[in-house]
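Here are my notes on the chain, point by point. Please read them against the model shown below.

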Amino acid sequence: TITVDGKRCWGGIVRRLRTTPNKTILWVACQEMTASVDGSTLTIYASAENEKKLLLQNDNFETLLSIAKGFGIENIKVEIRSGSVSQEDPIEKAKAFFGDTLKVEK
């Protein structure tokens, strides 16, 4: 049985996302989230429904799971952090972070 520290695991996943091609928006959104580990399950706490939807998009979820498996994680759950009132759009957050250098295609 592998014991995984939630903060260390999530920090590693976020750092890895930074260098993953075409995952800049996911990386920016995940920087503001927290996570915990229980056994081999990583629970990611999104601050709003739109962030949860971003994480649950099939390609984003598969990317997160693929990275997490390197930390001994087999399952990922996404929950909205209780008491959270943030409704900021991750794309708008990324645009604010990167300025005019970021071009977003939908």
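**Notes on the fold**

1. Asp38 has Thr41 of E2 as its bridge partner. The strands E1 and E2 run antiparallel and are joined by five bridges; two strands count as paired if DSSP finds at least two bridges between them.

2. This is a predicted model, in which local features need pLDDT of at least 70 and side-chain atom pairs count only at pLDDT 80 or more, while totals for chains, interfaces and linings use all residues. Residues are numbered from 1 along each chain as its sequence is written, and side-chain values use heavy atoms, with hydrogens and water left out.

3. The chain has five helices and three strands, in the order α-α-β-β-α-α-β-α from the N terminus. Helices (H or I, at least four residues) and strands (E, at least two) are DSSP runs, numbered from the N terminus.

4. The three strands form an open sheet of order E1-E2-E3 with mixed pairing. Its edge strands are E1 (34–38) and E3, each of which pairs on one side only. Neighbouring strands are turned by 25° against each other on average, direction ignored.

5. H3 lies across E2 and E3 and runs at about 165° to E3. H4 also packs on the sheet, where it touches E2 and E3, and its direction makes about 125° with that of E3. Axes are lines fitted to C-alpha atoms, for helices over the stretch in contact, and angles run from 0 to 180 degrees between N-to-C directions.

6. The buried residues of H4 (buried means under 20% relative accessible area, with a 1.4 Å probe and protein chains only) are Asn60, Phe61, Thr63, Leu64, Leu65, Ile67 and Ala68. They pack against H1 (6–18), H2 (24–31), E2 (41–46), H3 (49–56) and E3 (75–80).

7. Ser47 sits in the loop between E2 and H3. Ser47 is buried, because its relative accessible area is 8%. Its side chain makes a polar contact of 2.6 Å with that of Glu51; such a contact is a pair of N or O atoms within 3.5 Å, and within protein one must be able to donate a hydrogen and the other to accept it, with residues adjacent in sequence counting only if both atoms are side-chain atoms.

8. Of the 106 residues of the chain, 40% count as buried. Among contacts (heavy atoms within 4.5 Å) between residues at least 6 apart in sequence, 68% join residues at least 24 apart.

Note on methods: Buried < 20%, exposed > 50% of the residue type's maximum accessible area, 1.4 Å probe, protein only.
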